[in-house]
Amino acid sequence: MNENKKNRGLIVLVVILVLALVATSGYIVYDKFIAKEEVEEKNKDNKKDEASEEAQDELVEVDVNSEEIQTLFTNISNGLTSYCGVNNYYQDKKVLASDLSNDLVFDIALSQIYREKQAQGIEYPFSQIGDAFTASELETKIRNTFGKNYSFTHRTINSCPIFEYDSANQKYVINTPPACGGTCGPTNLKKVVRALKNNQSIELYVRVLFAGGASATDYYKDYNKTQKVEGLELDSNTTFPIESDNNVAKGSLYKFTFSNEDGSYVFVSSELVVES
């Protein structure tokens, strides 16, 4: 009887040892092969994700004449009363959105609202007493052009026509007969010559020639107007330099940076590119 108990105990011990050996072997196989394959697959997936993120972050060349690029540049380059265009971006220092005055930003946003109303079929927007737009319309244009962090204070701004701010009804209204108009003489020549884009930002590169010399044909390469440019192609009717590739190529290069904010690319900064 004792002998049988010993045999059964021995069998149980052998079974336990066999099971332990099988478990150990299984762990070794898993650790050496299966787990290793899982780690390798995970590493491959991580590398794919990193490559995808890098591809999204990479700035790629886009057509400067595309509707998106031209609209982006037009939206910041025109003001309703800035008859020669907005030239505040082209200086000898970096210009941030926050550097632009409320009056200028109002004029730029007003120009956008004006063009939008024309597209809706209104031939002469802002030409009658009582013509108006809402504070919300203005805020939307400012936010989509200069970002949600741009600080704007609603008030009556001395534009032309003068829009008086009605704080009670949160709108801008023309209360006096509009008598506006103006022309533009020699002005800066500027042209987008390169555009780069990714999901986060757009970079525009703009060539500029600066007007402001003793005559209409005097143009300069630099903001401080110390480097006069000679041999420009002139318009046969006005004798002003034309916005040709040859002319603009003689100007300074500026980089405009726009950041993707809630689906809209908003102006962040402009700065002179130092070229060798």
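Asp262 sits in the loop between β10 (252–261) and β11. In this predicted model, Asp262 has a positive phi of about 55°, although it is not a glycine. Its relative accessible area is 68%, so Asp262 counts as exposed, the cut-off being over 50%.

Two other loops deserve a look. Gln170 lies between β4 and β5 (171–174). Gln170 is not a glycine either, yet its phi is positive, at about 50°. Pro161 belongs to the loop between α4 and β4 (163–166). The peptide bond that joins Cys160 to Pro161 is cis, with omega near 0°.

Now turn to the largest pocket. Its volume is about 220 Å³. Three elements each supply at least two residues of the lining: α2 (67–77), α4 (135–146) and β11 (264–272). Helix α2 gives the most, with five residues. The lining includes Glu68, Thr71, Leu72, Asn75 and Ile76. Gln112, Lys141, Asn144, Thr145, Ser264 and Tyr265 also line the pocket. By class, the lining residues divide into three nonpolar, six polar and two charged.

Is Thr145 buried or exposed? Its relative accessibility is 6%, so Thr145 counts as buried, the limit being under 20%. A polar atom of the Thr145 side chain lies 2.7 Å from the backbone oxygen of Lys141. Leaving aside neighbours within four places in sequence, Thr145 is in contact with Asn75, Ile76, Gln112, Val266 and Phe267.

Note on methods
Residues are numbered from 1 along each chain as its sequence is written. This is a predicted model: local features need pLDDT of at least 70, side-chain atom pairs count only at pLDDT 80 or more; totals for chains, interfaces and linings use all residues. Side-chain values use heavy atoms; hydrogens and water are left out. On a 1 Å grid over the protein atoms alone, a cavity is a set of points where a 1.4 Å probe fits but cannot get out, and a pocket is an open set with protein on both sides within 12 Å along at least five of seven lines; lining residues have an atom within 4 Å of a point. Grid points are joined across faces, edges and corners, and a volume is the space filled by probe spheres set on the points. Helices (H or I, at least four residues) and strands (E, at least two) are DSSP runs, numbered from the N terminus. Ala, Val, Leu, Ile, Met, Phe, Trp, Tyr, Cys and Pro count as nonpolar, Asp, Glu, Lys and Arg as charged, and the others, Gly among them, as polar. Buried means under 20% relative accessible area, exposed over 50%, partly exposed in between (1.4 Å probe, protein chains only). A polar contact is a pair of N or O atoms within 3.5 Å; within protein, one must be able to donate a hydrogen and the other to accept it, and residues adjacent in sequence count only if both atoms are side-chain atoms. Contact means heavy atoms within 4.5 Å.
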